[in-house]
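This briefing goes through selected features of the structure shown below, grouped by topic for reading alongside the sequence.

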Amino acid sequence: MSDGNMNLTLKVWRQKNGNQKGELVTYPVSNVSPDMSFLEMFDVLNEDLVEKGQEPIAFDHDCREGICGMCSMYINGRPHGPKEGITTCQLHMRSFKDGETVVVEPWRATAFPVIKDLVVDRSAFDRIIAAGGFISVNTGNAQDANSLPISKDDADKSFEAAACIGCGACVATCKNASAMLFVSAKVSQLALLPQGQPERYSRVQNMVEQMDKEGFGNCTNTGACEVECPKGISLENIARMNRDYLVAKAAH
Amino acid sequence: MALDSKIPEGPLAEKWKKYRSTVPLVNPANKRNLEIIVVGSGLAGASAAASLAEMGYKVKVFCYQDSARRAHSIAAQGGINAAKNYQNDGDSVYRLFYDTIKGGDYRAREGNVHRLAEVSGNIIDQCVASGVPFAREYGGLLSNRSFGGTQVQRTFYAAGQTGQQLLLGAYSGLQRQVGMGSVKMYTRHEMLDVVIIDGKARGIIARDMVTGQLERHFGHAVLLCTGGYGNVFFLSTNAMGCNVTAAWKAHKKGAFFGNPCYTQIHPTCIPVSGDHQSKLTLMSESLRNDGRIWVPKKKEDAEALRTRKKGPNDIAEDDRDYYLERRYPAFGNLVPRDVASRAAKERCDAGYGVNNTGQAVYLDYAAAIERYGKIEATKHGIDASAAKIVELGKAVVKEKYGNLFDMYEQITGVNPYNEPMQIYPAVHYTMGGIWVDYNLMTTVPGMYSLGEANFSDHGANRLGASALMQGLADGYFVIPYTIGAYLSNEIRTKAISTDHPAFVEAESKVKAQIDTFLNIKGTKTVDYFHKKLGKIMWDKCGMARNAQGLQEAITEIQALRKEFWKDVRVPGSANELNPELEKAGRVADFLELGELMCKDALTRNESCGGHFREEYQTEEGEAMRDDENYAYVAAWEYKDESNWELHKEELKYENIKIAQRSYK
């Protein structure tokens with residue numbers, strides 16, 4: 001599988017904590033296997049830094065299979081790097097060329113303050129969900145699952161919206177740092193299902209209100225979020241959310 | 001101390017029903033004054049926390065990730081079992097119960113497993129009500145598929161992302177409670193010890209991973225929903241952060257550890273590619289619904305495949321050994337995981353493995369693509385050429401398994417639509433865990449364990465799509481009832497001040513350990529030790545074990561542990577985000593757990609489920625149990641370093657006739 005190993009130059013954002021200023025620091029990395037994942041390359045670099053008595057680079061990661069949404073590197077000006085439809089942990093070094101310089105930065109948005117190096121605080125997303133991204137059903141209240149038929153088309157569309165992993169790439173890539181794609185994905189998932197109808201309009205209002213409070217920017221329909229979303233969440237969701245929001249506003 | 005599993009009396013099918021109606025209750029006014037700590041926010045933790053908060057308890061939830069939504073339940077792919085019998089194929093609560101006991105190789109409790117099967121249907125109802133978009137048929141009803149170890153279709157799914165959808169469902173319920181103020185969420189927090197006062201669990205010490213601050217938290221009860229310990233092997237399908245620390249600290253403070261040697265090695269993972277490897281990626285068991293597993297029949301073909309002189313498509317049909325279909329005609333490619341994994345190892349050890357390492361077998365979709373292509377052609381009345389059939393078939397496979405196929409290509413660079421996937425077994429799940437009684441309470445009063453963290457329902461081998469079922473059963477439908485048995489006696493207990501000496505002492509011990517790590521200033525990284533431990537565990541306490549290897553492993557682990565405490569290097573300081581420091585704490589605990597796993601494996605002189613002792617096998621190489629001497633749960637009590645006392649909980653089978661497991 002291996003076509004020969006590579007040497008790369010990394011420029012990585014280092015920042016001690018949220019209060020201090022950060023800067024790009026250059027690290028040469030050698031003998032990188034094309035079968036390595038991007039994060040494994042960071043593991044090797046960090047091992048090396050520890051052995052040299054330097055501080056390793058802090059970065060968020062967990063499942064390393066593209067589903068937890070924790071990894072969050074802004075690589076050569078693109079969230080999750082040069083390939084579409086994947087997260088940073090799924091990016092492999094065969095997507096880079098020998099001798100290349102790779103710039104790695106954290107997500108940048110007012111609503112996502114840097115904690116350290118490449119690690120940012122995305123708790124704003126949790127607060128948006130807590131404001132309304134749910135169906136109010138207590139445990140034990142449910143009726144038989146098949147008593148509520150849902151057309152396959154609606155179920156599939158709802159699932160596609162629900163595939164969002166909450167990584168924040170949409171915010172990071174947006175020039176306004178807007179969270180519309182993230183919020184609209186949850187709004188759509190529930191608006192497309194009959195179970196979501198009773199709270200449909202209060203939900204969209206509450207979630208949008210919280211989104212604004214968190215300091216995310218406005219949507220100007222550039223569509224960058226859709227392009228960079230590792231799960232292919234569609235812009236249609238934003239249109240659906242806007243419609244629901246208008247209906248909700250008109251009614252109240 | 002005698003172990004009391006507290007299984008209710010009465011006929012199997014009546015136990016839970018009767019118990020549920022008689023378990024003491026706590027009135028709503030008192031619930032408001034009772035505080036519950038939940039550690040871990042996966043399926044078990046999130047569903048428990050949301051359900052308990054809905055009931056009126058005050059709940060605090062802790063997770064090490066930056067959001068509750070990232071717990072590793074999210075990565076479960078294939079599905080969740082439930083005895084709904086929607087497919088009219090003869091499923092029932094009893095069959096799910098029976099399959100689970102048999103799949104667990106007769107090493108699980110009847111009472112617990114029957115309860116699990118009983119509530120399985122409620123889980124699906126609850127998830128649908130909370131907006132989980134399961135796969136559906138054109139008629140609008142829920143779709144099912146098959147998983148290993150069963151002959152019915154009872155697995156509900158959402159493409160290859162079932163765990164994600166279920167977790168996001170539980171997470172949204174949890175966030176709803178957070179929004180209402182009834183749950184206080186502590187993300188980026190790691191539990192580093194449990195606090196015990198007068199013999200009861202009364203709180204935890206947690207570290208804020210951003211500031212490094214140690215915090216004391218009181219609770220009338222503590223729920224450990226912290227997942228499994230597969231990362232003791234370094235390479236596993238677990239997330240990088242998965243660890244045993246919370247469970248291990250509880251163990252060292254009195255919670256017995258049940259069946260630590262029962263590890264599930266999943267048969268279909270992407271093989272190791274090099275030394276840099278940080279984790280292994282699972283290819284869902286659902287792929288075995290349609291894929292066929294084979295190796296070449298001839299050794300010279302295997303050799304040619306390893307050196308890339310031939311490709312898999314060059315091997316003629318007659319020269320392929322579909323070894324699972326050959327050995328197990330009744331279940332074929334859908335045998336349980338332990339059986340499939342061992343069969344792959346057997347072929348590779350015999351010299352028929354592929355990949356440059358010889359440590360891989362093929363998972364082939366060509367037959368499924370052709371079969372689906374023909375169905376499509378017939379459906380649309382096309383008189384299709386062979387090429388057209390393949391094209392139509394690929395489209396169907398893409399619809400069913402597209403994300404998995406994409407993932408495979410992303411990692412390996414090989415297109416699995418055109419060439420069979422290479423797979424090999426990898427550590428995936430741990431059936432062992434903290435010992436709990438029927439109430440899910442550990443041997444420490446007031447401390448509970450839910451989900452993968454406990455040992456309870458899967459015996460020596462877990463069936464596919466049963467982990468999600470158990471996590472949600474424990475959290476949504478078991479703990480809300482059983483916790484009443486304890487808390488109804490705690491209504492007079494006022495919140496204990498965290499200035500209590502037990503809190504002070506626990507915190508100072510945690511601080512001392514952190515200071516020790518930072519002061520060793522050795523020469524080797526934490527990962528160096530973790531990888532070494534992983535290799536010992538995989539080689540000697542992995543898919544196959546023997547007495548000699550296990551004894552060696554124990555000695556090696558003890559030596560490695562000594563070296564670790566002398567020579568580990570942890571950079572940075574205590575009062576900041578410090579991933580190396582976090583890892584050091586986790587690896588220190590793995591270095592103790594590993595020894596106990598080997599000890600347990602060495603003590604269990606039989607083969608059962610995921611525990612395969614080479615000395616105990618039938619002539620055909622199948623696991624050979626010893627029901628006379630080993631039909632018990634091994635519950636280990638921690639005494640001091642390298643010293644445990646074994647307690648046995650006898651397993652009684654009153655409803656199922658215990659037999660040699662056969663999938664032939």
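**Helix packing, core, annotated site and chain contact**

In this predicted model, helix α5 (residues 110-129) of chain B packs against helix α13 (residues 467-487) of chain B at an angle of about 85 degrees, with their axes 9 Å apart. That angle makes α5(B) roughly perpendicular to α13(B).

**Helix pair in chain B**

- On the side of α5(B), the contact is made by B:R115, B:L116, B:V119, B:S120, B:N122, B:I123 and B:Q126, while α13(B) contributes B:M469, B:Q470, B:L472, B:A473, B:Y476, B:F477 and B:V478.
- Divided by class, the residues of the contact of α5(B) with α13(B) are nine nonpolar, four polar and one charged.

**Helix pair in chain A**

- In chain A, α5(A) and helix α6 (residues 200-213) pack at an angle of about 170 degrees, with their axes 10 Å apart, and the two helices are therefore roughly antiparallel to each other.
- From α5(A) the contact draws on A:V183, A:V187, A:L190 and A:A191, and from α6(A) it draws on A:R200, A:R203, A:V204, A:M207, A:V208 and A:M211.
- The contact of α5(A) with α6(A) comprises eight nonpolar and two charged residues, with no polar ones.

**Nonpolar core**

- The largest nonpolar core has 295 residues, and those with the most contacts inside it are B:A49, B:V61, B:L223, B:L224 and B:V361.
- Helix α17 (residues 579-603) of chain B gives the most to this core, with twelve residues.
- Leaving aside neighbours within four places in sequence, B:V61 is in contact with B:V38, B:S41, B:G45, B:A49, B:A68, B:L174, B:V183, B:M185 and B:Y186.

**Annotated position**

- According to an unreviewed UniProt entry, the annotation "active site" covers B:R337, a residue placed in helix α10 (residues 337-352) of chain B.
- B:R337 counts as buried because 27 other C-beta atoms lie within 10 Å, where 20 or more are required.
- Not counting residues up to four places away in sequence, B:R337 touches B:G148, B:Q264, B:H266, B:P267, B:N461 and B:G464.

**Contact between the chains**

- Between the two chains, 69 residues of chain A are in contact with 65 residues of chain B.
- Elements of chain A that each supply at least two residues of the side touching chain B are α1 (38-51), β6 (114-116), α2 (123-132), α3 (152-162) and α5 (180-191), and α1(A) gives the most, with seven residues.
- By class, this side of chain A has 32 nonpolar, 21 polar and 16 charged residues.

Technical notes: Residues are numbered from 1 along each chain as its sequence is written. Chains are lettered from A and ligands numbered from 1 in the order in which they are written. This is a predicted model: local features need pLDDT of at least 70, side-chain atom pairs count only at pLDDT 80 or more; totals for chains, interfaces and linings use all residues. Two residues are in contact if their C-beta atoms, placed from the backbone, lie within 7 Å. Helices (H or I, at least four residues) and strands (E, at least two) are DSSP runs, numbered from the N terminus. Ala, Val, Leu, Ile, Met, Phe, Trp, Tyr, Cys and Pro count as nonpolar, Asp, Glu, Lys and Arg as charged, and the others, Gly among them, as polar. Axes are lines fitted to C-alpha atoms, for helices over the stretch in contact, and angles run from 0 to 180 degrees between N-to-C directions. Angles under 35 degrees count as roughly parallel, over 145 as roughly antiparallel, 65 to 115 as roughly perpendicular and the rest as oblique. A nonpolar core is a set of buried Ala, Val, Leu, Ile, Met, Phe, Trp, Tyr and Cys residues joined through C-beta atoms within 7 Å. A residue is buried if 20 or more other C-beta atoms lie within 10 Å of its own, exposed if 12 or fewer, and partly exposed in between; C-beta atoms are placed from the backbone. UniProt positions are given in the numbering used here, feature names are shortened, and annotations may be inferred rather than shown by experiment.
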